[in-house]
Amino acid sequence: MLQLSQVSKLFFPGTADEKIALMGIDLTLNAGDFVTVIGSNGAGKSTLMNVISGVMTPDAGQVRIEGSVIHHLPEYRRSCWIGRVFQDPMAGTAPHMTIEENLAMAYARGKSRGLQFGVTSKKRVFFQQQLKRLDIGLENRLRAKVGQLSGGERQALSLLMATFTEPQILLLDEHTAALDPARAELITRLTDSIVREMKLTTLMVTHNMEQAIRLGNRLIMMDKGRIILDVNEQRKKELTVELLLREFEQISGHKLADDRIVFGGLNVTLRDN
Amino acid sequence: MLNSLYGAVELGLLYALMSLGVYITFRILDFPDLTVDGSFVTGGGIAAIMITQGYSPFLAGLAAFGGGAAAGACTGLLHTKGKINGLLSGILMMIALYSINMRIMGTPNISLLGTDIPFFSISQAGTRILLIAIGVILIKLLLDAFLHTDLGLALRATGDNARMIRSFGANTDNTIILGISLSNGLVALSGALITQQSGFADISMGLGMIVIGLASVIIGEAIFGTRNVFFATLAAVLGSIVYRIIVALALRIEWLNTSDLKLITALIVIVALVLPSAQRSWRLRNVSKKRTAELAGPTSQQSVGGER
């Protein structure tokens with residue numbers, strides 16, 4: 001369970017560039033919730049992720065996971081609860097190390113790292129089993145360097161590395177945005193099946209409206225550092241992209257402006273502000 | 001000729017520990033660590049003092065490793081906790097170590113003449129080199145094994161993708177400190193062995209050591225490749241030997257002075273650093289030219305076909 005209460009974050013406080021990144025965010029994810037997050041540029045989606053994962057500390061408010069207060073802990077210590085996939089397919093893996101070594105490092109998440117061998121024959125069998133779930137042939141390339149994989153393969157591996165140790169919270173930060181449509185679809189499908197199968201509590205930021213509606217059991221919309229819309233499972237089933245856009249305009253009083261937003265399968269970009 | 005070759009291989013093996021240390025910081029952590037110039041002398045100085053006071057050379061080597069590791073830890077702390085630029089923290093430590101090394105040694109030069117050093121007094125060069133080689137290979141294999149442990153993987157990932165390994169719970173500050181520490185431990189051990197082999201320690205024996213280390217690592221990589229950790233560390237060891245052979249050959253050229261060596265070493269490193277990137281961009285340009293021609297080829301043929 002993830003709980004944010006009255007979380008706020010300012011950028012450049014006290015200067016001319018002062019900007020509200022998050023303001024009084026209250027958000028509770030129950031165990032097994034899969035929440036998608038959408039919003040304009042600068043709505044605070046990434047900051048929300050960063051405040052939870054520990055890249056930033058909030059200026060005010062509390063972040064709790066499974067009851068423990070965590071917002072003062074450094075990033076590396078929060079990792080025992082949190083699995084993460086980044087937008088950049090290069091960010092989640094170490095390119096000059098092999099697939100099995102990368103998996104071994106992910107396997108050690110939340111454990112103390114000592115002088116036992118990272119890859120053992122027992123772990124190798126387990127890694128192979130896990131890689132089979134991706135169904136892209138990586139199980140036969142355990143000793144290949146990750147740098148030789150394509151962006152889509154690397155992101156699939158990152159997704160597996162973030163999830164196969166069953167973290168309490170899974171954070172997905174636009175993890176399909178940097179991929180071409182076919183690969184993005186593969187990763188979306190894998191995400192859906194893995195999260196469902198392992199019943200992971202998940203927070204996913206996305207620019208793809210259709211994806212945000214299709215995946216998960218709850219949808220929140222952010223604007224100017226606040227959560228302006230929270231759609232529950234019941235209402236989410238009836239949601240369409242048009243309805244969502246209209247709702248956004250009504251609540252926020254301006255159009256959803258995001259230069260990278262994706263409506264459904266088509267890459268339509270909005271250029272008006 | 002054969003004698004100088006033997007000498008080169010022996011020196012190369014002893015300096016190989018230093019180039020393994022440089023490999024850890026320069027290649028694994030991607031951290032150009034200038035502490036090496038100071039910690040090499042720290043190792044030599046500690047060994048010289050301990051041996052002249054009657055301690056066993058083995059214990060002296062161990063203490064040298066500890067001294068170097070402590071110096072490296074300081075550099076790591078300056079860089080991670082003090083947030084000082086990597087190059088500058090190394091330079092600061094190198095300068096600080098000059099004074100510390102003088103304090104350790106008491107005088108700028110300590111001779112081990114008259115003291116009995118069991119290992120290096122084996123008169124037969126072949127046997128001596130074999131024994132040294134076994135010792136160096138043992139340390140190389142230990143390092144290989146360490147780099148495959150959970151902690152070793154985290155160390156390697158710190159240089160490869162720090163953000164990723166942090167997201168999996170490794171404290172990258174600690175892995176950086178550990179890596180620099182281990183590196184300088186090996187460098188100091190190398191200094192201790194060189195002191196035992198040459199029979200003296202000198203306050204300026206570390207001058208330019210980092211460049212020699214870099215040259216060894218780069219030469220080794222160019223000749224022997226870096227397919228995986230095993231080959232990368234092997235390349236560092238063999239590169240050190242090749243470097244010493246090059247030096248021995250260079251010294252046989254009449255119009256070269258011993259003091260020209262540092263210039264030659266610097267030139268080797270410069271060439272080795274510039275050449276691969278120039279080669280890469282040249283190759284890339286060729287490949288893109290070729291691919292463009294290939295991709296353009298079929299369409300032009302099609303248009304020819306359409307005319308008929």
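Residues are numbered from 1 along each chain as its sequence is written, while chains are lettered from A and ligands numbered from 1 in the order in which they are written. In this predicted model, local features need pLDDT of at least 70, side-chain atom pairs count only at pLDDT 80 or more, and totals for chains, interfaces and linings use all residues.

Trainee: How many helices and strands does chain B have?

Mentor: Helices (H or I, at least four residues) and strands (E, at least two) are DSSP runs, numbered from the N terminus. Along the sequence, chain B reads α-α-α-α-β-α-α-α-α-β-α-α-α. The count is 11 helices and 2 strands.

Trainee: What percentage of the residues in chain B is buried?

Mentor: A residue is buried if 20 or more other C-beta atoms lie within 10 Å of its own, exposed if 12 or fewer, and partly exposed in between, with C-beta atoms placed from the backbone. The C-alpha trace of chain B spans about 95 × 50 × 30 Å along its principal axes. Of its 308 residues, the buried part is 46%.

Trainee: Among contacts in chain B between residues at least 6 apart in sequence, what percentage joins residues at least 24 apart?

Mentor: Two residues are in contact if their C-beta atoms, placed from the backbone, lie within 7 Å. For chain B, the percentage is 79%.

Trainee: Which element gives the largest share of the side of chain B that touches chain A?

Mentor: The contact takes 19 residues from chain B and 25 residues from chain A. Helix H6 (150-160) and helix H7 (162-167) of chain B each give two or more residues to the chain B side. The largest share, 7 residues, comes from H6(B).

Trainee: By class, what does that side of chain B have?

Mentor: Ala, Val, Leu, Ile, Met, Phe, Trp, Tyr, Cys and Pro count as nonpolar, Asp, Glu, Lys and Arg as charged, and the others, Gly among them, as polar. On the side of chain B that touches chain A, the classes are 8 nonpolar, 6 polar and 5 charged residues.

Trainee: Why do H2(B) and H9(B) count as roughly perpendicular?

Mentor: Axes are lines fitted to C-alpha atoms, for helices over the stretch in contact, and angles run from 0 to 180 degrees between N-to-C directions. Angles under 35 degrees count as roughly parallel, over 145 as roughly antiparallel, 65 to 115 as roughly perpendicular and the rest as oblique. B:Val36, B:Asp37 and B:Phe40 in H2(B) meet B:Met209, B:Ile210 and B:Gly213 in H9(B). The axes come within 7 Å and cross at roughly 100°, so the pair is roughly perpendicular.

Trainee: At what angle do H5(A) and H6(A) pack?

Mentor: Residues of H5(A) including A:Ala156 and A:Leu159 meet residues of H6(A) including A:Leu190 and A:Ile194. By class, this contact has 7 nonpolar, 5 polar and 1 charged residues. The axes lie 10 Å apart, at an angle of about 15°. That makes H5(A) to H6(A) roughly parallel.

Trainee: In E2(A), what is the bridge partner of A:Val7?

Mentor: The open sheet of 4 strands runs E2-E1-E4-E5 in chain A, with antiparallel pairing. E1(A) and E2(A) are joined by 7 bridges. The partner of A:Val7 is A:Ile25.

Trainee: Is A:Asn140 buried or exposed?

Mentor: A:Asn140 is found in the loop between H4 (121-134) and H5 of chain A. With 10 other C-beta atoms within 10 Å, A:Asn140 is exposed.

Conventions
Pairing = 2+ DSSP bridges.
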